[in-house]
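Colleague: Please take one part of this predicted model and look at it closely. I would like to know what packs against what, and then how the rest of the structure compares as background.

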Amino acid sequence: MSLLAVSDLCLGYEGKAVVRDISFTVNEGDYLCIIGENGSGKTTLIKGLLGLMSKYSGEILFSDDLEQSHIGYLSQHFKHKKDFPASVREVVMSGFLSRRRFGFGYSKAQYVEAHSVMEQVGIIELEKKIFSDLSGGQQQRVLLARALCATRRLILLDEPTSALDPIVTADFYSLLRKLSQDGVGVVMVSHDINSALRHATHILCLDDNSSFFGTTHEFVHSDQGRKFILSDCPCDDCTIIHNRGGIENA
Amino acid sequence: MLELFMHPFMIKALIVGVLIAVCCALLGVVLVLKQYSMIGDGLSHVGFGALSVAAVLNLSTPIYLSLPVVMVAAFFLLRITETSKVSADAAIAVISSSALAIGVFIASINGTNINLQQYMFGSILSVGESDLVISIVLSVFVIAMYFLFYNKIFAITFDEDFARATGIRTGVYNTVISLLTAITIVVGMRMLGTMLISALIIFPALTSMRLYRRFFTVIISSVVISVFCVVAGLFTSFTVSDIPVGATIVLFNLAVFLVFAVIAFVKNLLSKKIRK
């Protein structure tokens, strides 16, 4: 069964639908990129998936062992509070909140799990550091570790790299790819279509008229894909065909 | 020193003072980090207005009026801060100065039975039985909340969006924290006065953040600093007579802040030298 199955979902504000009739599924190890123009409802869709806004119609189904509040979430631009007193470990551990209702500390098992998560995203040497002392890329990794503490199954990212420079962004994307190869479902909203195509296994393209959902390969060859992509499909067979299409369009 | 404890009012003041200090420190860390410091200041002015009205109405226990009024104000100030981010500080400034003006106006018209000085700068003698009871109940609540929901309080303070996404009802927590702040201020302002109570909320957190960089250590250090300053302030005010206790407590807070700031500065300088 898939981790997340969305069918005919409609979301919006004040009676106006922003997201219309969206259907897609995310399975273990899938890396889904949600792309679309500004105002096409990407962030609205994320909010809907997190249960932060109620849906007009349609269905959001999670696999039986995954609750909505257990999704690991990494937000668009973390409102950076300068000098916030918090160690990396404190931040990472706060991801366990969704799984623990009361109490002062955390369990021993959670410390062990946090340790392995920090190893997974390569921040183990930062464990004792202070969060606000870290670079932007390191901070995003810490917040990713926090998201992974909430769940090891499905993480939701809303333009996590918008504040990062290209090299750090590339690092971050390959880290996400590694996670998805480890079996974590990754759903990411992105402006960066080229990187999305390089790393994602599936694409959801939001559009006012018709939305697209399919594998990255299918997307590159779809009508919507042509609208967005200027570069060629990397595979040998279609480069020629695609080039021809480009010339005809011009 | 021991003679201090011969006076029942001093013992009462000491108990209330320490309990209020603990509450102020715990709540203050969250308020300062969420950039709600001004709420504390606004609430104390609203409290002053309410106390003046209570005095005019000749209420035997003015706290019965000021407590609900300030709690309602806390609720609305929080709403203002949450919804209209841009003009929140302006709105709070307007509300607090209006409340202060109303208080001064009423106190001046009915000048006979109101001690304006005492409301503005506080007095140990004004600490009554009701303050004692309320501060004990309040501090039990605040401390219990921090023990039971420490992790959530950290998450909400650090990143409210993430907290909401993981299913924490952040609105409830924010409301509870602002209501507890309201009660703390109403009880504390009798002793420290309208003008000075907000310092007790802001100073310990700010001072701790000079030297400590972890949420947990900042909270512990804030409580220690806050209690130390209140006790030291009370003793100073008692031995050196005629100084309102609010002033001595705030001055102790300022002194500790300066000491911490200097230590932090020197530490920074040293670590830079070592790196070179």
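**A helix and its cover**

Modeller: Helix H2 (37-56), helix H3 (63-83) and helix H5 (116-121) of chain B are among the elements that cover the buried residues of H4(B). I will take H4(B) as the part to examine. Bear in mind throughout that this model is predicted.

Start with the helix itself. H4 of chain B runs over residues 88-109 and holds 22 residues. From first C-alpha to last it reaches 32 Å, close to the 32 Å expected at 1.5 Å a residue.

Which residues of H4(B) are buried? They are B:Ala88, B:Ile92, B:Ser96, B:Ala99, B:Leu100, B:Gly103, B:Ile106 and B:Ala107. Viewed down the helix axis, these buried residues fall within an arc of 135°, so they line one face of H4(B). The face turned away from that buried side carries exposed residues: B:Val94, B:Phe105, B:Ser108 and B:Ile109.

Now pick one residue from the buried set. B:Ala107 belongs to helix H4 of chain B. Its relative accessibility is 6%, and the limit for buried is under 20%, so B:Ala107 counts as buried.

Elsewhere in chain B, consider B:Thr166. This residue sits in the loop between helix H8 (160-165) and helix H9 (170-192). Is B:Thr166 buried or exposed? With 2% relative accessibility, B:Thr166 counts as buried. Its side chain has a polar atom 2.9 Å from the backbone oxygen of B:Ala163.

Next, the cysteines. How many disulfides does a search of the whole structure find? Over all chains, the search finds zero. Two cysteines show the spacing. For B:Cys24, the closest cysteine sulfur is that of B:Cys23, 7.1 Å away and too far for a bond. B:Cys24 is buried, at 0% relative accessible area. In chain A, the sulfur of A:Cys205 has its closest cysteine sulfur in A:Cys33, at 11 Å, again too far for a bond. A:Cys205 is buried as well, with a relative accessible area of 0%. The cut-off for a disulfide is a pair of cysteine sulfur atoms within 2.5 Å.

Chain A gives the wider setting. It has nine helices and nine strands. Of its 250 residues, 53% count as buried. Among contacts in chain A with a separation of 6 or more, 65% join residues 24 or more positions apart. The accessible surface of chain A comes to about 11700 Å². Carbon and sulfur atoms account for 50% of that surface.

A:Asp8 has a phi near 45°, a positive value in a residue other than glycine. A:Asp8 lies in strand E1 (residues 4-13) and is partly exposed, at 46% relative accessible area. A:Glu159 also has a phi near 45°, positive in a residue other than glycine. A:Glu159 is found in the loop between strand E6 (154-158) and helix H5 (166-181) of chain A. With a relative accessible area of 9%, A:Glu159 is buried.

Back to the part you asked about. H4(B) has one face lined by its buried residues, with cover that includes H2, H3 and H5 of chain B. B:Val94 and B:Phe105 are among the exposed residues on the face turned away.

Methods
Residues are numbered from 1 along each chain as its sequence is written. Chains are lettered from A and ligands numbered from 1 in the order in which they are written. This is a predicted model: local features need pLDDT of at least 70, side-chain atom pairs count only at pLDDT 80 or more; totals for chains, interfaces and linings use all residues. Side-chain values use heavy atoms; hydrogens and water are left out. Helices (H or I, at least four residues) and strands (E, at least two) are DSSP runs, numbered from the N terminus. Buried means under 20% relative accessible area, exposed over 50%, partly exposed in between (1.4 Å probe, protein chains only). A polar contact is a pair of N or O atoms within 3.5 Å; within protein, one must be able to donate a hydrogen and the other to accept it, and residues adjacent in sequence count only if both atoms are side-chain atoms. The expected span of a helix is 1.5 Å times one less than its number of residues. The arc is that of the directions from the helix axis to the C-beta atoms. Contact means heavy atoms within 4.5 Å. Accessible areas come from the Shrake-Rupley method with a 1.4 Å probe; for residues, only the protein chains shown count as cover.
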